[in-house]
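Subject: Structure handover

Hello,

Here is the structure for you to look over. My notes follow below it.

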Amino acid sequence: MKMTNNNLRLSSIILLLFGVQMAFCTSSAQSQVLRPGDDIGSIQAPYSEEMDQSKITEHLGEKLPLDLEFVDHSGNRVVLSDYFTGDLPVLLTPVYYRCPQLCTLVLNGMVDGLDQIDLKPGRDYRLLTFSFADGEGSLQAEAKREAYLSRFPDAEVPNGWSFLGGIEGDAKNAEILCKSVGFGYAYHEPSGEYVHPACVVFVSPTGTITRYMNDVAFAPMDLR
């Protein structure tokens with residue numbers, strides 16, 4: 001097991017974006033598709049104890065709990081194993097759909113990198129995004145998926161990009177999945193938002209964690 005604080009650069013990004021979350025906590029981000037590199041200002045957030053939980057503990061070589069149940073963007077109850085059928089690797093992204101900034105930057109950065117390689121979703125890999133927030137189910141997953149398919153139409157194919165939420169908005173299984181990949185986060189009561197790191201997890205077709213990319217920008221060759 002490898003422990004990392006996502007290096008100084010990522011830590012500073014988290015601190016900066018936490019401040020942005022405080023400023024934009026009332027905005028709706030279900031369909032927000034900001035561009036990475038957008039000017040996010042220079043807001044400096046004060047220290048909060050929730051930041052201590054915002055870190056990645058890499059669980060390389062460990063298997064995901066594939067029996068976890070979720071609801072997908074179409075409102076169907078699914079099991080995590082449905083996405084690990086032994087044929088395609090999966091890029092797994094833990095987010096929450098109303099996140100004011102950081103989750104959007106992670107997804108945009110991933111899409112920007114994938115746009116520049118010759119591999120295609122549904123043919124060479126799967127994309128799987130899930131929400132760890134209470135109250136986010138199929139409706140929020142559907143809204144976010146529609147926003148991103150307009151940005152990345154290559155993923156609008158069978159096994160291309162699935163978005164998951166909690167059954168009846170219950171985030172219990174998402175919490176288990178986050179712990180299994182070492183994704184630490186915390187709810188910040190004053191703002192009503194979550195403090196969390198930036199992360200894309202690479203998972204083998206059989207559900208084994210193989211690599212992490214903990215950032216908001218992803219070099220195409222590294223993604224490939």
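First, a term: helices (H or I, at least four residues) and strands (E, at least two) are DSSP runs, numbered from the N terminus. This is a predicted model, where local features need pLDDT of at least 70 and side-chain atom pairs count only at pLDDT 80 or more, while totals for chains, interfaces and linings use all residues. Residues are numbered from 1 along each chain as its sequence is written, and side-chain values use heavy atoms, with hydrogens and water left out.

Positive phi

Glu-168 sits in the loop between β7 and α4. Its phi is near 55 degrees, a positive value in a residue other than glycine. Most residues other than glycine have a negative phi. Glu-168 counts as exposed because its relative accessible area is 83% (buried means under 20%, exposed over 50%, partly exposed in between, with a 1.4 Å probe and protein chains only). Asn-159 also has a positive phi, near 65 degrees. Asn-159 belongs to the loop between α3 and β7. At 40% relative accessibility, Asn-159 is partly exposed.

The sheet

Seen across the open sheet, its 7 strands run in the order β4-β3-β7-β6-β5-β10-β11, with mixed pairing. Two strands pair if DSSP finds at least two bridges between them. β4 (77–79) and β11 (209–213) are the edge strands, each pairing on one side only. From one strand to the next, the twist averages 35 degrees (axes are lines fitted to C-alpha atoms, for helices over the stretch in contact, and angles run from 0 to 180 degrees between N-to-C directions).

Some pairings to look at:

- β5 (residues 90–95) and β6 (residues 126–131) run parallel, joined by 6 bridges. Val-90 has Arg-126 in β6 as its bridge partner.
- β3 (residues 69–72) and β4 are antiparallel, with 3 bridges. Glu-69 is opposite Val-79 in β4. These two strands, β3 and β4, form a hairpin with 4 residues between them. Gly-75 in the turn has a positive phi of about 90 degrees.
- β3 also pairs with β7 (residues 161–165), antiparallel, over 2 bridges. Val-71 has Gly-165 in β7 as its bridge partner.

Two buried loop residues

Ser-191 lies in the loop between β8 (186–188) and β9 (193–195). It counts as buried because its relative accessibility is 12%. Its side chain makes a polar contact with the side chain of His-188, at 2.9 Å (a pair of N or O atoms within 3.5 Å; within protein, one must be able to donate a hydrogen and the other to accept it, and residues adjacent in sequence count only if both atoms are side-chain atoms). A polar atom of the Ser-191 side chain also lies 3.1 Å from the backbone nitrogen of Glu-193.

Phe-152 is in the loop between α3 (138–151) and β7. Phe-152 is buried, with a relative accessible area of 1%. Its C-alpha is 9.5 Å from that of Asn-108, 44 residues apart along the chain.

The largest pocket

A pocket is an open set of points on a 1 Å grid over the protein atoms alone, where a 1.4 Å probe fits, with protein on both sides within 12 Å along at least five of seven lines; lining residues have an atom within 4 Å of a point. The largest pocket is lined by 15 residues. Nearest its centre are Glu-175, Lys-179, Phe-183, Gly-184 and Tyr-185. Helix α4 (residues 172–181) gives the largest share of the lining, 4 residues.

Best wishes
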